[in-house]
Amino acid sequence: MVHPVSAPALRYPLSLRVLHWSRAVLILGLIACGWFMTGRAEDDAVAAWLYPNHKQFGLLVWLLAMVHLVVRWRERVRLPREAHELRPWERKLSMATQRLMIALTFLTPMFGYAMSSVFTQSDGVPFFVVSRLPEFLPKNDALFPLFQTLHRYSAYILLTCVALHVAGALKHRVLHAGGERDVLTRML
């Protein structure tokens, strides 16, 4: 029996759209939380509440990124086709930005986890119902500034990628509404 070839999807599957928007909200919230909590005094009660929540939601982003890759791979035949009307530079910039965002959704939480693992004064990394996850690096305060810098700058680069991603989607929405280049409709 020959199966008919179906037309390419116009939108991403619901599972990928939910994962996309969930991670977007969490990432923006984590970056805002990171800026806010690091500007507070060490003995501040609000910061003491924010740090463990920042850690566990950071790990949640990491897990959602893993789930997203698995679901994307499983749904690969149902994904919208590439927008061929995009200019070559737009296609390259879009692909590079998306790949960098994916990489940073894995790296940024891991740099934070490493930062917490090596710091001798760390309370550890909680994860919702688990009070403290195992540390994956030995305590070494000399490594703390390295992982702190990596965590901070990877978050800044991630935020820059998100801004570029949003700007590109809005540009195509405004200038090419309804056409193939209007890529925002794929994620709504």
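V166 counts as partly exposed because its relative accessibility is 42%, where partly exposed means between the under 20% of buried residues and the over 50% of exposed ones (1.4 Å probe, protein chains only). The place of V166 is in helix α4, residues 144-175. Its C-alpha atom is separated by 9.0 Å from that of L184, which is 18 residues apart along the chain.

A word on the source: this is a predicted model, in which local features need pLDDT of at least 70 and side-chain atom pairs count only at pLDDT 80 or more, while totals for chains, interfaces and linings use all residues. Residues are numbered from 1 along each chain as its sequence is written, and side-chain values use heavy atoms, with hydrogens and water left out.

**The whole protein**

Let's step back for the overall picture. The protein has four helices and two strands, arranged along the sequence as α-α-α-β-β-α. Helices (H or I, at least four residues) and strands (E, at least two) are DSSP runs, numbered from the N terminus. Along the principal axes, the C-alpha atoms fill a box of roughly 60 × 40 × 25 Å. Of the 188 residues, 37% are buried. Among contacts (heavy atoms within 4.5 Å) between residues at least 6 apart in sequence, 69% join residues at least 24 apart.

The accessible surface comes to about 11900 Å², and carbon and sulfur atoms account for 69% of that area; the areas come from the Shrake-Rupley method with a 1.4 Å probe. As for charge, the mean positions of the 21 positive and 12 negative charges are 11 Å apart. Here Lys and Arg count as positive and Asp and Glu as negative, without His and the chain ends; each charge is placed at NZ of Lys, CZ of Arg, CG of Asp or CD of Glu.

| Residue | Relative accessibility | Class |
|---|---|---|
| V166 | 42% | partly exposed |
| H151 | 16% | buried |
| F128 | 40% | partly exposed |

H151 also has its place in helix α4.

F128 lies in the loop between β1 (125-127) and β2 (130-133). Its phi is near 50°, a positive value in a residue other than glycine.
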